[in-house]
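Please walk me through this model in the viewer, one selection at a time. Tell me what to pick next and what is there.

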There are 2 protein chains.
Amino acid sequence: MEAVVDYLCDERKKTQFDVEAMKIVWAGSRESLQVSDRMANLVANDPVFEKSSRPMLGRKELFKNSLRKVAYAWKLINDLNLSEEEVTFLRQYIDEPSYTDLQWNMFVPAIEGQGTEEQIDKWLPLAKKMQVIGCYAQTELGHGSNVQGLETTATFDPQTDEFVIHSPTLTSSKWWPGGMGKVATHGIVYARLIVNDQFHGVHGFIFQLRSLEDHSPLPGITVGDIGLKFGNGAYNTMDNGVLRFNHVRIPRNQMLMRVSQVTKEGKYIQSDVPRQLIYGTMVSVRQKIVADASITLSRAVCIATRYSAVRRQFGSRNGGLEIQVIDYKTQQNRLFPLLASAYAFRFAGEWLKWLYTDVKERLAANDFSTLPEVHACTSGLKSLTTATTAEGIDECRKLCGGHGYLVSSGLPELFAVYVPACTYEGENVVLMLQVAKFLVKTVSNLGYKQPFGTTAYMGRMAALMENDCSVATSEEWLNPVIIAKAFESRAARMIVGCCKELSAFENPEEGFAELAADLVEAALAHCQLIVVTKFIEKLQQDDIPGKGVRESLQVLCNVYALFLLHKHQGDFLATGYLTPKQALLANHQLRNLYSKVRPNAIGLVDSFNHTDYYLGSILGRYDGNVYPKLYEAAWKDPFNDSDVADGIHEYVQPILKQKLHFAKL
Amino acid sequence: MEAVVDYLCDERKKTQFDVEAMKIVWAGSRESLQVSDRMANLVANDPVFEKSSRPMLGRKELFKNSLRKVAYAWKLINDLNLSEEEVTFLRQYIDEPSYTDLQWNMFVPAIEGQGTEEQIDKWLPLAKKMQVIGCYAQTELGHGSNVQGLETTATFDPQTDEFVIHSPTLTSSKWWPGGMGKVATHGIVYARLIVNDQFHGVHGFIFQLRSLEDHSPLPGITVGDIGLKFGNGAYNTMDNGVLRFNHVRIPRNQMLMRVSQVTKEGKYIQSDVPRQLIYGTMVSVRQKIVADASITLSRAVCIATRYSAVRRQFGSRNGGLEIQVIDYKTQQNRLFPLLASAYAFRFAGEWLKWLYTDVKERLAANDFSTLPEVHACTSGLKSLTTATTAEGIDECRKLCGGHGYLVSSGLPELFAVYVPACTYEGENVVLMLQVAKFLVKTVSNLGYKQPFGTTAYMGRMAALMENDCSVATSEEWLNPVIIAKAFESRAARMIVGCCKELSAFENPEEGFAELAADLVEAALAHCQLIVVTKFIEKLQQDDIPGKGVRESLQVLCNVYALFLLHKHQGDFLATGYLTPKQALLANHQLRNLYSKVRPNAIGLVDSFNHTDYYLGSILGRYDGNVYPKLYEAAWKDPFNDSDVADGIHEYVQPILKQKLHFAKL
């Protein structure tokens, strides 16, 4: 048996706060930490969930193995009678995209949100017991972001009381839906509704695509997988599919009719249920994406931080140890802001979850007033956090130097599996433009409509435009009031700047298109303000127990804000809010803060409470025993089964022996 | 036979310049274009070089197939008696990392550069005929950037006139060298020289690691592959290796002795050949990396540009076609600066090649005076161009939306195979710090040493510090003199700013470490200035024939400069060189320039003259026939061989039929 040595033990001794208390802050509550921990270990200790061999498997084998895991997990869930919370954690820790993601995150919510009571009664029990497996067939080969541009048609045939679903063109092929390629038996298909030769926009329809008996595609349906995606394992465990309909008939009652109906007689009726309800679903999905971003970023940061403490390079004196790379300012300047971002996004996600609960209650009471603001800020935070996380994972890979490029570092696969989050559920740039549109509207309404929520600061527009920053020392940059005001002023001034430029255009739409890049920058400034504000508000809560916990988080909050301030100092200076001198003082303070993060860095990533199994990274091992394990892993690679690789005799020896002319190539 | 339709035909009609003439500018000369074109087609038309199936192959199969390609190519080279230039293009177009990269780029140059005449006479003919295959065993498990920290030892044994090569620790294992894992028979190993119990720094030694007869590792050598790397195919065609020495003996004359010698008697002698010669090799390797960066970026940009013209989304009026995504300013603002960067890096690379020839001549004449400046600017441009290219590829993937995530887009593999360039041959941040060190030194020497070459502008330091920008209209931002001055002033002021801050530290080394992040920013500003200047100088040459060619390049040059100016406007404003108003005028001009790039975008990427084979991307097809080919490719995927995938009956049907308890999981 191996002796257990903690190579990061010295680092852990440096920690100035109570790690166990910080774990609770990260988890949200003691109970949540306990459940999470239990589920993490359940997965980690079960060999069925082994995942390190994924990148070596061929596609078919990889997929089959993934199906096995899903079945096994489903059995576990039922056998252990796991709660909804436990199931959520279980799925997170299994850490593998699969068709059930679509079942629970798209198919079931779509029926719940867009189905009539009758439809819910019929389909939900089937779905919940997995007697049907559903996909979400929206995206087409030629159409993604623009849902109204979808080409698939659903034509009502009053003769038979059916809809005829059809793919009229190649580009109307459904393309990308997860679980559709090989597994799903049913799905929601989005199609242009045609009744009496009239188009009525895009609607959702429940359809069956495969036989429940033998899983073969039903008549009129051509379906398959769209092929390999980025990465070795990554999203290749998912059967993203292609599907064409050839006049497939479904009963009229399989149109999701909560919002609009088609009657037996072929009459199209809009119900009085407001269309905004759809935004409610979007808000729900996107807030989950924000929560997931913080977790994913925390994994990458945990790996890079631990390895940066293990890795030493340069600076040895008299043959002693070299310097830990985590001690270099260049490393800190790339790593610590990402560490701070992981915490910042965590708290932003926590707040969004509350916001979603709040808006759900309002919607139930027919109060739609907050929806546009909630929708804008959820969209913006989805865009901001996924973009930062995707870039952050790759930055963490680079921070691990050459070894980060090995699959065994875990980072290449984490990147490959994560990046779709920047595209699905609202492409990030498109989302920022939506935020910008909302902000411009908010400004133009300022005279007669009081802004609220995340736009409340715009109510103080005159002051934000007039009063420049008063900072005179670098210490002042630790003051949350000063930080918040700086971010408010920057965002407000950038949005107003855009509005001024927009007013020069006769056609507002044309102006919006022309200034799109600047509008995206302004929207980003607004979203960064939200994250900064929510971090500050979190720290103003009373209930943050544990020695040094609040203080350590305060440092991270300042790092997050001042790093952004430095990175975007062009905005702060161009709007005239800061002087160059004040920007420089902020940068000095930032450097100073890095020194305060340094001793706590390992403690701060330990607080994520990630198991080695979940991290899936030799570089990020809890015990820091990196080099022996890298070495060991190399020899376990099947490519090293023999000293002389296949192909050497056929294709290398003839070159060496100058006998290439006789070789069979 | 398929009808040939050019879906981008309308785009090509818009082009306002002579594409054939631009191809010559890109290639460097008409002759170079011809050779390049011939080699590109030779590879594209030979089924042995087929590469689209790479991502589907298991590692062993992938590797074997790669060995076959190398042998076949070597046969071609000899049979067709290809010139050195032709061979270079052939290798580029084969587009697959392999052990011969090390043979020609590292092993042979190391012997040429560091070997004595005797050693060159003995080893070079063997290497050139591939009777030995060499690797370059420098990096160790625990040591990368810090070459002086390597742990492998080479102890001289005067009794036998041999060196004993040994790996004293686990972390001293050689780790990463390409070609070492499975193929190389020989190598240059870098080890700490010990003579009479005295250390004499790190030196290179020629050693044999495998039998020339049966390819088995020689006694005392443990060697293997380090395992899977990022991506499906990517660098997995290369056998990056791990190697340990257990007291392996080599004859004394296998130490590379051009610079230092060990005599039979065990005397260590430094020759009078200056150590700087080693920088000459570095300059050579790094200028090739810059040239390669422009080509790689051009491939990604070509794919994203063509697809952006094919893809349409939103904005359809009255059921007509939607808007081409290339018409969106947000798309242009991300794509066109990368297009401009590809050209900018091309010309910077061209100039670096000249610089290398120049410095080689000087070195031959024992003139070492320009070496530090040349070394700094080559290092800086390596760092700048590889970082931009790596990020640029991923940006291009995102610009292709969801479809960019498919392996068939070519972009995931291009990214995975390219990113190591940011780490090897000088880690990018470490290189920028070296540039910064050189710049700080240049400033401190200003009183008595006239700066020259890329630092000549610092000779006008007083003017650069005092005179602020005078721009009053956005038109002035098209003036190359004004652009150059802005970049000079920004760089000069940032470096001087760092120097001032440094002077506050008692210990200069400590100051340098503390300010490292800011120094990197200043070095980047200097490097961007070089690229801008070289682009401007290129356009001042007389010989740019062809209708509209110079004009189109002028637009790109301005896009490159003004995009950087906007992106880094914080620098320009913080140094007080620009006012917010002037920065805004530059941004207006940038938007205006995008409209000028737009009609020429397809022509500008056609001018790279990339074959469809070389691009390896369905999205980047010359004919724009994207959707039918994506659809076709999906059905060719072996995963679609059967409608019902392996695993469905075992692991999905039992769930659907609620019989999971009977299933074998």
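Start between the chains: chain A and chain B are joined by 16 salt bridges. The model is predicted. To see one of these bridges, select Lys64(B) and Asp646(A). Their side chains meet at 3.7 Å, N to O. Next, show the polar contacts across the interface of chain A and chain B. There are 54 residue pairs, both residues at pLDDT 80 or more.

Now colour the chain A side of this interface by element. Which helix of chain A gives the most to the side that touches chain B? Select residues 59-79: this is helix α4 of chain A, and 11 of its residues take part.

In contact are 136 residues of chain A and 136 residues of chain B. Between them, the two chains bury about 11,800 Å². Carbon and sulfur atoms give 63% of that area. Pick Phe230(A), Tyr405(A) and Phe639(A) next, the residues of chain A that lose the most area to chain B. Together they make up 7% of what the chain A side buries.

Stay with the two chains and go to Gln653(A). Gln653(A) sits in helix α23 of chain A, residues 648-656. Is Gln653(A) buried or exposed? Its relative accessible area is 4%, so Gln653(A) is buried. Show what surrounds it, leaving aside neighbours within four places in sequence. From chain A, Ile648(A) is in contact with Gln653(A). From chain B come Ser211(B), Leu212(B), Glu213(B), Asp214(B) and His215(B).

Move to chain B and select Glu96(B). Glu96(B) is in the loop between α5 (84-94) and α6 (99-114) of chain B. Its relative accessibility is 11%, under the 20% cut-off, and Glu96(B) therefore counts as buried. What does Glu96(B) touch, not counting residues up to four places away in sequence? Show Arg54(B), Ser66(B), Lys69(B) and Thr237(B).

Return to chain A and colour it by domain. Domain 1 covers 20-96, domain 2 covers 132-273 and domain 3 covers 278-606. Keep domain 1 and domain 3 of chain A on screen. Their C-alpha centres lie 29 Å apart. The contact takes 11 residues from domain 1 of chain A and 20 residues from domain 3 of chain A.

How much area do domain 1 and domain 3 of chain A bury between them? About 1,100 Å², 70% of it on carbon and sulfur atoms. Select Met22(A), Val25(A) and Trp26(A), the residues of domain 1 of chain A that lose the most area to domain 3 of chain A. Together they account for 62% of what the domain 1 side buries.

Next, the charged and polar pairs. Between domain 1 and domain 3 of chain A the count is 1 salt bridge. Zoom in on Asp95(A) and Arg299(A): their side chains meet in a salt bridge at 2.8 Å, N to O. Polar contacts between domain 1 and domain 3 of chain A number 2 residue pairs, both residues at pLDDT 80 or more.

Finish on helix α2 of chain A, residues 19-27. Helix α2 gives the most to the side of domain 1 of chain A that touches domain 3 of chain A, with 6 residues. By class, that side of domain 1 of chain A has 6 nonpolar, 2 polar and 3 charged residues.

Conventions: Residues numbered from 1 in each chain as written. Chains lettered and ligands numbered in written order. Heavy atoms only, no water. Domains from an automatic or database assignment. Contact = heavy atoms within 4.5 Å. Buried area = accessible area lost by both parts, 1.4 Å probe. Salt bridge = Lys/Arg side-chain N within 4 Å of Asp/Glu carboxyl O. Polar contact = N/O pair within 3.5 Å; in protein donor to acceptor, adjacent residues only side chain to side chain. Helix = DSSP H or I, 4+ residues; strand = E, 2+ residues; numbered from the N terminus. Nonpolar A, V, L, I, M, F, W, Y, C, P; charged D, E, K, R; others polar. Buried < 20%, exposed > 50% of the residue type's maximum accessible area, 1.4 Å probe, protein only.
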